[in-house]
Amino acid sequence: MNAAVDKVTVLDAMVIGAGVAGLYQLHNLRKMGLKVRAYETATGVGGTWYWNRYPGARFDSQAEIYQYWFDEEMYKSWQPSERFPAQPETEEWLNYVADRHDLKKDIQFSTRIASAHYDEGTERWNITTEAGEKINTQFLIACCGMLSAPLENRFKGQETFKGDTYLTGKWPKDATSLKGKRVAVIGTGATGIQVIQTIAPEVGSMKIFCRTPQYIIPMNNRKYTEEDWAYWCERYNETKDKVMNSFAGFDYDFTEKAWADSTEEERQAVLEKHWEGGSLSLWLATYSEIFFDEKIGEEVSEFVRKKMRARLGNDPKLCDLLIPTADDYTFGTHRVPLETNYLEVYLQDNVEPVDCNASPIQEFVPEGIKTADGTIHEFDVIILATGFDAGSGALSRIDFRGRDNRSLKDQWQQEITTAMGLQVHGYPNLFTTGAPLAPSAALCNMTTCLQYQVDWITNCVDYALKNGKKTVEVSKAVEDAWVKHVMKLLEPTSL
Ligand code: NAP
């Protein structure tokens, strides 16, 4: 073993991850005067915005609210170029944040954490990196991201394909141009939709492997001028107040008249207004009744279906394949993708949808993809927009051992429990952000929720230190009560 491997780095607090949450967590703990370092697998900051460099990647919150709120001057001196900026700009923005606060000097890049074991004798954590480096810390904060563990190797024979295979969540910096190529896209979630609509003008031909149809909302993206940004800078405090106090961390909320108190004309006018406005407000600022009342959910779903049918030229085959029915699921029961001219892609002559329900993907072959009906679809490039091991995936890939050597991974294979997504009973001084069962997780404007979580953790660590408490651990009773509360809230939307 070399000296670097033998040496143990001793810290007060350690952060895993240098994405939106990790950067803010590092900043906060350092401001408290703690000896703290962050460790990051990537070669740069950004987290989600480092890895997801697929064509068309962009967030679904407007630039004025996908923000940090701890440095007003920082907000005002970064001018977004669009209402919904794309990945390169967001990665650049996070670098600007890190540089402005000199965070990189305390981040170790290209480092993957392999294990984190709690020592009950010393009441501290022993962490080992994949390279064998050792770290010892009192507080351990895992800001690993909700969507940072892409599902790889989903298909039989994947390695046999002779062309290029690109996974959206690990899109290479040096990916070759898709111009004129025969391209396959598997997956039509929010990621697939962004890829498809972006590459459609340049590919030679494209086959889109569709399985579960999606309700969509137009993004209504546009360029931001200096005047636009001056407008938002003037409203900094007002906007901050709104995002910090709304249902899901956006600057809009359920402020329309209740469904039952509105006439049919009023409801249609409200839905039209939000559809035209773009953003997720059609989902999170019209009628909260859609989450609890099937009939109302169905009426809003039908409003969206009608819009989608018209854009597909009422083509019966395309409508059947691409528009969810009442038997599938209701609008808003999961996060709704925002899009720009996505449906129109299917009207291009060089684009062909493949119905994976009628004929599922069987395997990859050297020429491309073989479906169950025996067809071999030939491609130069296959794009996998097939999703993530969401929520628990990134944390389960680290061997966390708590008191009595209990394993978080094994425990979560039985049942996923957390207290507010912030702690798990049995793991003293381990805190998590973007973890399962955190309030608002799948609905949130992520920067808002993550800042709430980081602020809570910061305050908790501060309290412990100021009050001579060596460890903080959620009790089993509190964790159970939280899980019960979440399950009760979920019941009305469960099938
Ligand atoms: P996803 O929603 O899990 O979508 C994965 C897609 O792959 C689905 O269409 C799935 O079909 C399909 N798929 C998986 N295995 C398949 C198979 N064997 N055959 C055919 N199709 C298959 O993943 P995602 O699109 O990456 O989105 C993940 C999360 O990230 C979402 O919550 C999304 O909102 C978020 N996101 C947000 C943004 C944004 O801010 N704008 C952008 C991208 C992603 P089935 O549904 O039938 O399984």
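Select helix H9, residues 264-277, and helix H11, residues 294-311, in this predicted model. Their axes come within 11 Å. They cross at roughly 55 degrees, and H9 and H11 are therefore oblique to each other. Look at the hand of the crossing next: for H9 and H11 it is right-handed.

Now show side chains on this pair. From H9, pick Glu264, Gln268, Leu271, Glu272 and Trp275. From H11, pick Glu299, Val300, Phe303, Val304, Lys307 and Arg311. These two sets meet each other. Colour them by class: the contact of H9 with H11 has five nonpolar, one polar and five charged residues.

Second stop. Select helix H2, residues 20-31, and helix H16, residues 446-466. The axes of H2 and H16 come within 9 Å. Their crossing angle is roughly 30 degrees. Angles under 35 degrees count as roughly parallel, so H2 is roughly parallel to H16. The crossing of H2 and H16 is right-handed.

Which residues of H2 meet H16? Select Val20, Ala21, Tyr24, Gln25, Asn28 and Leu29. The contact of H2 with H16 has eight nonpolar, five polar and one charged residues.

To finish, show both pairs together. H9 and H11 are oblique, whereas H2 and H16 are roughly parallel. The H9 and H11 contact has five charged residues, while the H2 and H16 contact has one.

Note on methods:
Residues numbered from 1 in each chain as written. Predicted model: local features only at pLDDT ≥ 70, side-chain atom pairs only at ≥ 80, totals over all residues. Heavy atoms only, no water. Axes fitted to C-alpha atoms, helices over the stretch in contact; angles between N-to-C directions. Helix = DSSP H or I, 4+ residues; strand = E, 2+ residues; numbered from the N terminus. Parallel < 35°, antiparallel > 145°, perpendicular 65-115°, else oblique. Left-handed = near helix turned anticlockwise from the far one by under 90°. Contact = heavy atoms within 4.5 Å. Nonpolar A, V, L, I, M, F, W, Y, C, P; charged D, E, K, R; others polar.
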